[in-house]
Amino acid sequence: LMWRWAWIAMATGEILALEGPPQSSVSPLSLRVALGAITEVLIPRGSALPAEGALKVTTTEDDQKVARFLLMAGERGPVEENQQLGTLLFPGLSVPSSRGFVELVLRATVTPDLGVQAEATDQETGRVVSWRGHLLQPTEAAGCPSDPGGIQRFSENLASTMPALARLRRIQAAGREFAIEQHQHRGDEVRTGGVLWESGVLLADYLSTREWVGKRVVELGCGTGLVACALLHLGAIVVATDSQAKVVEVARANVVRNVPQGADRFSGLVWDYSGGSLGMAALPGPVEFVVGSDLVYPSCPSEPLVKGVLAIFQEHREVFPDAPAPEVILVLKIRYHQATEFLHAAQGQPGWVVREVGAEDFPKGFSDVAHTFHLLHIQDRAL
C-alpha cells in the first residue's frame, strides 16, 4: 500500500509531495511549540526518526491556573506561518504562584510513522498531561489561541537569583534532596515565614554533621520546615515553633511531603519566643537542643531573641532541674547590625558560653560566604 502526503513546506513556500510507505527515516517538517506570537523548534526538520525534543517553560501571569501548549509543524518563526497540529492543555496549576517560576517540561517524540507524542510535566507535583497526533495531519484549525494559558521559556538564571518567588525549591541537605514548598500568599500572616531563606539552608546542612537519633529538639521560627525535615530525616524528635499558626501549618505540610516516616516525631507549636512559657512541662522529656535561623533582621531586633533564649534556659531549669541545659545553635544572617548586636548581648550574659563557628567548619558551599553569617553555639553554665 502506498501513501501520498502533501504539505506546504514553510521554508520554501513550495508544495512538498511525499510518496511512499507510512514510514520515514527523517522528519519532513519541524515540530514546534508556540511561545506567544512566535514558535520554538522542539524537533528540527531532517532529524533522524525516532527523534525526541524537550523544552522547559513557565507561566506568563501571576496565579496562572492553565498552561496551553500549541503544537505546530513548519519552518517559520511566527505562529501564523505554521500549521497547527493540536493543543495540549494543562489545567490545575498550583496557585498562588509568581509568573516565571512555575516549572513545566514539555517533551515530544516524532516516530517513523510521523506520529507525534507530547507530554507536559509539572516539576512541582510530578503530574503529567499527554497529547497524541500526527506531523502531517492537523487536528485543529490554525490560528493563535484566544483563551488564557500563555507559556514562555523558563529562565534558570531568574529562578536562581530570585529563589524567594519560586513555589517549590529543591534543596540538598542532610545527604538528600528536600522539595520545599514556599507560600507566597500576598498580604496574609505567613509573611517572611513562608519563604526558605539562606540561613535555614545553612543550618539544615550544618546540623547534618551531628548524630540526632532520639534527640529532642525545639526549633525557633520554623518557617517552611526545611530544618525540621532535615532533623527528622536524621532521627530527631522535633517541636517546631512559630508565632504564626499558618507558618506552623506550612512547616507541617513540608514535613509530610518530605519525611512522612518521621511525621509522628514532629509536633508544631504556636509560640512567640519573645514572651510567655514554652510549656516544657507537657514535653515527654528534657530538651537537648534549641535551633533557629534568621531570627533577627531590621524589623525584628536582637533583644526579644536574647530574652527568648534566657526564658528557655530558665524554664528548662525549673521543669527539668536534674537535666543539663539545652545547647542552642543559631544561624543569623548579617544584614545590618541586629545579628552582631545579638552576638555581643549573648556574650555578655552571665553564665552563657558562646562559641562562633569559623569558616573552616562551615558546610561545603558556604565557607566562601561565612563572613556574612554568625553561626553560634550557646550553652548555659549558670548554677
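Why does Ser199 count as buried? At 1% relative accessibility, Ser199 falls in the buried class, where buried means under 20% relative accessible area, exposed over 50% and partly exposed in between (1.4 Å probe, protein chains only).

Before moving on, note the ground rules. This is a predicted model, where local features need pLDDT of at least 70, side-chain atom pairs count only at pLDDT 80 or more, and totals for chains, interfaces and linings use all residues. Residues are numbered from 1 along each chain as its sequence is written, and side-chain values use heavy atoms, with hydrogens and water left out.

**Stop 1: Ser199.** Select helix 2, residues 198-207, to find Ser199. Helices (H or I, at least four residues) and strands (E, at least two) are DSSP runs, numbered from the N terminus. Beyond its neighbours within four places in sequence, Ser199 contacts Ser293, Asp294, Val331, Leu332, Lys333 and Phe373. Contact means heavy atoms within 4.5 Å.

**Stop 2: the cores.** Select Phe178, Leu207 and Leu231, the residues with the most contacts inside the largest nonpolar core, which has 41 residues. Helix 3 (residues 226-233) gives the largest share of this core, seven residues. A nonpolar core is a set of buried Ala, Val, Leu, Ile, Met, Phe, Trp, Tyr and Cys residues joined through side-chain atoms within 4.5 Å. A second, separate core has 32 residues, including Leu42, Leu49, Leu104 and Ala120. Now show what surrounds Leu207: leaving out residues up to four places away in sequence, Leu207 touches Trp212, Val227, Leu231, Leu234, Val291 and Ile329.

**Stop 3: the largest pocket.** Its volume is about 760 Å³. Select Thr192, Gly193, Asp242, Asp294 and Tyr297: of the 35 lining residues, these are the closest to the pocket's centre. A pocket is an open set of points on a 1 Å grid over the protein atoms alone, with protein on both sides within 12 Å along at least five of seven lines; lining residues have an atom within 4 Å of a point. The volume is the space filled by probe spheres set on the points, which are joined across faces, edges and corners. Strand 14 (216-220), helix 3 and strand 15 (237-242) each supply at least two lining residues.

**Stop 4: helix 6.** Select residues 338-347. Gln338, Ala339, Phe342, Leu343 and Ala346 are buried here. They lie on the same side of helix 6 because they cover an arc of only 145° around the axis, taken from the directions from the helix axis to the C-beta atoms. Their cover includes helix 5 (303-319), strand 18 (327-333), strand 19 (352-356) and strand 20 (373-380).

Definitions and conventions
On a 1 Å grid over the protein atoms alone, a cavity is a set of points where a 1.4 Å probe fits but cannot get out, and a pocket is an open set with protein on both sides within 12 Å along at least five of seven lines; lining residues have an atom within 4 Å of a point.
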